2 protein chains.
Amino acid sequence: MKKKEIIVGVDIGGTNTALGLIDYDCNLLVEKNFDTKSEKGIDAYVECLSQHVNGILKEYLSTHELKGIGIAAPNVNSLTGIIENSVNLKWKNVNLSELIKKYFNVPVKMINDANAAALGEQSAGSAKGMKNFIVLTLGTGLGSGIVVDGNLIYGQNGQAGELGHVSVKSNGRKCNCGNFGCLETYISANGIRRTVFDLISNYNEETELKNISFNNLTSKYISELALINDPIALKSFNFTGEILGKALSNVAAHFDPEAIILAGGLAESGDLLLKPTRFYFEKYLLDIYKDKIQILKSTLQNGRAAVMGAGNFILQELKKNPQSENVLSMKKG
Amino acid sequence: MKKKEIIVGVDIGGTNTALGLIDYDCNLLVEKNFDTKSEKGIDAYVECLSQHVNGILKEYLSTHELKGIGIAAPNVNSLTGIIENSVNLKWKNVNLSELIKKYFNVPVKMINDANAAALGEQSAGSAKGMKNFIVLTLGTGLGSGIVVDGNLIYGQNGQAGELGHVSVKSNGRKCNCGNFGCLETYISANGIRRTVFDLISNYNEETELKNISFNNLTSKYISELALINDPIALKSFNFTGEILGKALSNVAAHFDPEAIILAGGLAESGDLLLKPTRFYFEKYLLDIYKDKIQILKSTLQNGRAAVMGAGNFILQELKKNPQSENVLSMKKG
């Protein structure tokens, strides 16, 4: 009997690595998580990753055949596949796919994590069947993956889609990038914490949020308080939605997309964020786009989009070049 | 002897229509202009246009064969080819290509004028050989055409690339679209006139610009005064360059392009606009893009880009479908 073809999708985060076994119809067969611990060095990491990949493969190998591995990570240059100067991973300019190929004799390809999230939404999430859409990942920062006419856009140097660093406010909040007023200083798990502290400084309503330190505050806790009508928590979502809705009306004027999809921790707040975002989006949108562009929440479980997308990324390559796996793995790494 | 294949490119503006005869190597053989006079109705216009096309064709027909006509116009929906509610043309929802086909038995295709300008720069101007670039046409308003990975982007509803309506200032200048602070209220021939009047109201330097009415003021005159160091004229270009440079640094974070090309009347001011624009662009640009993205002036004669681009647009279609001219003309108009 011919073995069923499968691939592995991996999403490397600063704290956690997630991986999954995916079939050629984009079904997730099994998934697994482990601590990234990048401070232990790249060789230790690759060893650990390959053990986990073998772990989930073991019970499938009699009936399935591994055809490729797709890996999502922060700060991957989409043209070279190199992880460049990541803040959250303690490696510099690492060619991870070459290292992994020593353990697995299949094509391995790297993809930027926000781009992987976009492919994940396209293959298994909110963007199924769409050809023009944008995915924002609202985690510690704000990442974005942009699909135009069915394909991810990479740009001239592999760095397209840095929407987290679009400036939305002159003389706004200081950003890690050195500029002021970048979108991610407002629209991210960290951004809404900054908003809460700004609101506490400017208003005098009573709020549970006065009992918690900045470092202990999470966007999940702000959501929980907003659901029981904490005034500052509610204001913080309205403020966040206004900035996001307005910013997305500008993004729409670039791409005329079918949808903009919100993923990541802050998006888990659901309607608390979506309702004001949609309201201000439509308010500021150019007439020709009104009522034509959806703002959606990812339908994938938080964290799964990039695993699915990394898998889909290598799958697309394999389907394009079914006879040339070695050429593929030589050419692009 | 086999006749040489040629096409006609047309650019319909509110005041003036330009057309040219173009060979398959993108050489402009002859060009011609006439008054659009759209208020006389669409049938009169089509009759007039066909006379002018026949006029320039006449002396070539013994040795050349017309293969297609490409037409650029404002407010063309790129997916349907229909001119929708144009402010400057007195026609509503006109299917111009169908009307023109009654006069010429060749494929006719419509394209948005800013998109045509982008194709013109790609085939014969500053973007030759580039695959990722953006063209801004700085006329009465601000139009834009965006090329990603070699192809114009159209978006879900054919309306991508409305960069003139990206908001760059909260509570900024009122725009014709109804919003406030749109880029074209600052960066256009009309925008710099508004800037001059704002500067006169806020500063007290002596300037020749105090002797001219708003309606008589042109961006060309502001350029002339800046070249002889008129303080308000100089300030107006610096102010314009700061807003444009900052806005383009945001555009770069979407597309990671190779170049952004400025065309149209205001771009004729050359270094007066380019120098401050480049300075502020680099200043606000995210580190990963610094020194990698060019800000260029169109190298085509003002007004010629859209004629060349409209011609190139039909040419690309003909080259894609050399045997199916009728299918093409039936399918897309």
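## The interface between chain A and chain B

Buried area is the accessible area, taken with a 1.4 Å probe, that two parts lose on being put together, summed over both. In this predicted model, chain A and chain B bury about 3,000 Å² between them, with 52% of it on carbon and sulfur atoms. Three residues of chain A stand out: Gln156(A), His254(A) and Asp256(A) supply 22% of the area that chain A buries against chain B, more than any other three residues. The contact draws on 36 residues from chain A and 36 residues from chain B.

What holds polar groups together across this boundary? Between chain A and chain B there are 26 residue pairs in polar contact, counting those with both residues at pLDDT 80 or more.

## Which parts of chain A face chain B

Let's look at the side of chain A that touches chain B. Strand E7 (142–148), helix H6 (231–255) and helix H7 (271–284) of chain A each supply at least two residues to that side. H6(A) gives the most, with six residues. By residue type, the side of chain A that touches chain B divides into 17 nonpolar, 13 polar and six charged residues.

## The open sheet of chain A

Strands of a sheet pair through backbone hydrogen bonds, either parallel or antiparallel. In chain A, five strands make an open sheet with mixed pairing, in the order E3-E2-E1-E4-E5. Strand E3 (28–35) and strand E5 (108–112) of chain A are at the edges with a single partner strand each, so one side of each has no neighbour in the sheet. From one strand to the next, the twist averages 20°.

Strand E1 (residues 4–12) and strand E2 (residues 16–23) of chain A pair in the antiparallel sense over seven bridges. If you want a place to start, find Val10(A), whose bridge partner in E2(A) is Leu19(A).

## The open sheet of chain B

Chain B also has an open sheet of five strands, ordered E3-E2-E1-E4-E5 and with mixed pairing. Its edges are strand E3 (28–35) and strand E5 (108–112) of chain B; each has a single partner strand, so one side of each is left without a neighbour in the sheet. The twist averages 20° from one strand to the next.

Strand E1 (residues 4–12) and strand E2 (residues 16–23) of chain B are antiparallel partners over seven bridges, and the bridge partner of Val8(B) in E2(B) is Leu21(B). Helix H3 (residues 113–124) of chain B lies across E1, strand E4 (64–73) and E5 of chain B, running at about 100° to E5(B). Helix H8 (residues 304–320) of chain B packs on the sheet and touches E1, E2, E3, E4 and E5 of chain B, with its direction at about 135° to that of E1(B).

## Salt bridges

Side chains of opposite charge can pair when their charged atoms come close. Over all chains, a search of the whole structure finds 19 salt bridges. One to look up is Glu205(A) with Lys235(A), where the closest N and O atoms are 2.8 Å apart. This pair links distant parts of the chain, 30 residues apart: Glu205(A) is in the loop between helix H4 (189–202) and helix H5 (219–227) of chain A, while Lys235(A) is in helix H6 of chain A.

Note on methods
Residues numbered from 1 in each chain as written. Chains lettered and ligands numbered in written order. Predicted model: local features only at pLDDT ≥ 70, side-chain atom pairs only at ≥ 80, totals over all residues. Heavy atoms only, no water. Contact = heavy atoms within 4.5 Å. Polar contact = N/O pair within 3.5 Å; in protein donor to acceptor, adjacent residues only side chain to side chain. Helix = DSSP H or I, 4+ residues; strand = E, 2+ residues; numbered from the N terminus. Nonpolar A, V, L, I, M, F, W, Y, C, P; charged D, E, K, R; others polar. Pairing = 2+ DSSP bridges. Axes fitted to C-alpha atoms, helices over the stretch in contact; angles between N-to-C directions. Salt bridge = Lys/Arg side-chain N within 4 Å of Asp/Glu carboxyl O.
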